[in-house]
Amino acid sequence: MLQQTRMDLAVPYFERFIARFPDPPSLAAAAEHEVLTLWSGLGYYRRAKLLLAGAKWVVEHGGAIPSDPEALRRIPGVGRYTAGAIASIAWDRAEPIVDGNVRRVAARVEALGDPAGSANLDRSLWSWAEGLVGAAASPRAVNQAVMELGALVCRPRAPRCDECPLGSLCRARKEGRPERYPLRRAGRPPAEMSIPLYVVSDSRGRILLQSEHASRLTRGMFHLPHGSGELLGRDDSARFRPIERVGSFRHSITHRRIFFEVWRAEARGDSVAEGGEALWVDPAELDGFPHPSYVRKALAMAGPSVPAPRSS
C-alpha cells in the first residue's frame, strides 16, 4: 500500500485490510471483487491484484513468506525494492531499500548529478544503500530510519536541514541548494482529457453502476456510465440522455489529467438491462462494490442523498 501512497492515507486501509485478511491463506482464498472493494479509494489498483496473486503464489509454495530476497522476487509483484523491504524489515537481513525517500536522502548526501530515472543514478543509489545497510548492526532499524528521515526531515520542499543527523555529511547542503537534488528528468506532460459522467437513478433512489472489463487500468471496478474516453474504454453517450449538469472536477491518474463533467441522466429506451456488467446500487451500500474514488465524488455532486467522499 505504501507504494505510491503516503503513510497517513494508507494506515486506515491497512488496518481494515489486515483485519479481514490476517495471513496469506485468507487473502489467497478471497475473490478479486472483495479485495478491490477494500482497496477502493487507494488508487493504482494493479497493486491490489498483484497482492492477491502474490498471496496465491505463497500458498501454492508452502504458505511461508521467504526471507531470501531472490526467493521473494519470484512472488508476483515483488521487485528489488519490495524484496529488500520485506527481507530487511521482516527478517532483519542486510538488504538495501531504495524508495522515494531513500532516493532523495542519498541524492542529496552525495550530490548525485545524474537525472532521475537514469541508469547511472540507479546504480549510485543502490550502491549507497548497500553500503549503508551492510555496515548496520540492525538493517531493519537503519532502513526504516532513512525512509523516515526522507519523509519527515529531508523533504522534497523546504527540507529541515538544521535537524538532519546527516547534515555534516550532506554535499547538497554544503552547496546551499539541497532542493536541487535529485535532478528532475524532463518528462512528457500528462495527457488531458474530458469525460462526461452520467448519474442515472431509478424510482427507488438506486444508482446505476457498470463493471469495466475493457480498460487495463480499471478492469474489475464499477463505474458510472460515461462518455468517450481512452481511460475508461467504453462510450455510453448513445445509451444515455443528459438531463442536468450538476458540476465538474479534475482527477489525476497515472499520466492523465481528467476533467469530469457530472450529469444527471436517463437511459434511452431499454438500453439498460441489469445483470452481467450493470446493476442498481443503493448509494448507502456503495462500500460493498469496488469503485474508483471519482465515482463517489460524482455521486456527492448529484444529490444530498449520496454519501460524501471519504477523507481517504
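Let's take Cys161. Its closest cysteine sulfur belongs to Cys170, and the gap is 6.3 Å, which is too far for a bond, given that a disulfide needs the two sulfurs within 2.5 Å. Looking from the other end, Cys170 has the sulfur of Cys161 as its nearest one, so there's no disulfide for Cys170 either. And is Cys170 buried or exposed? Buried, because its relative accessibility is 10%, and the cut-off for buried is under 20%.

Now, the packing. In soluble globular proteins, nonpolar side chains tend to be buried together. Here, the largest nonpolar core has 21 residues. Leu197, Val199, Leu209, Leu224, Phe249, Phe260 and Leu299 have the most contacts inside that core. At least two core residues come from each of β1, β2, β5, β6 and α11, and α11 gives the largest share, with five.

Leaving out residues up to four places away in sequence, Leu197 touches a whole list, including Leu224, Phe249, Phe260, Trp263 and Ala298. Apart from that core there's another one, of 18 residues, with Ile97, Leu112, Trp126 and Ala129 among them.

Last thing, confidence. The average pLDDT is 85, and 87% of the residues score at least 70. The stretch to watch is 306-312, where pLDDT stays under 50. The model does have 20 contacts for that stretch beyond four places in sequence. But where pLDDT is low, the predicted coordinates should not be read in detail.

Methods:
Residues numbered from 1 in each chain as written. Predicted model: local features only at pLDDT ≥ 70, side-chain atom pairs only at ≥ 80, totals over all residues. Heavy atoms only, no water. Core = buried A, V, L, I, M, F, W, Y, C linked by side-chain atoms within 4.5 Å. Buried < 20%, exposed > 50% of the residue type's maximum accessible area, 1.4 Å probe, protein only. Helix = DSSP H or I, 4+ residues; strand = E, 2+ residues; numbered from the N terminus. Contact = heavy atoms within 4.5 Å. pLDDT = per-residue confidence, 0-100.
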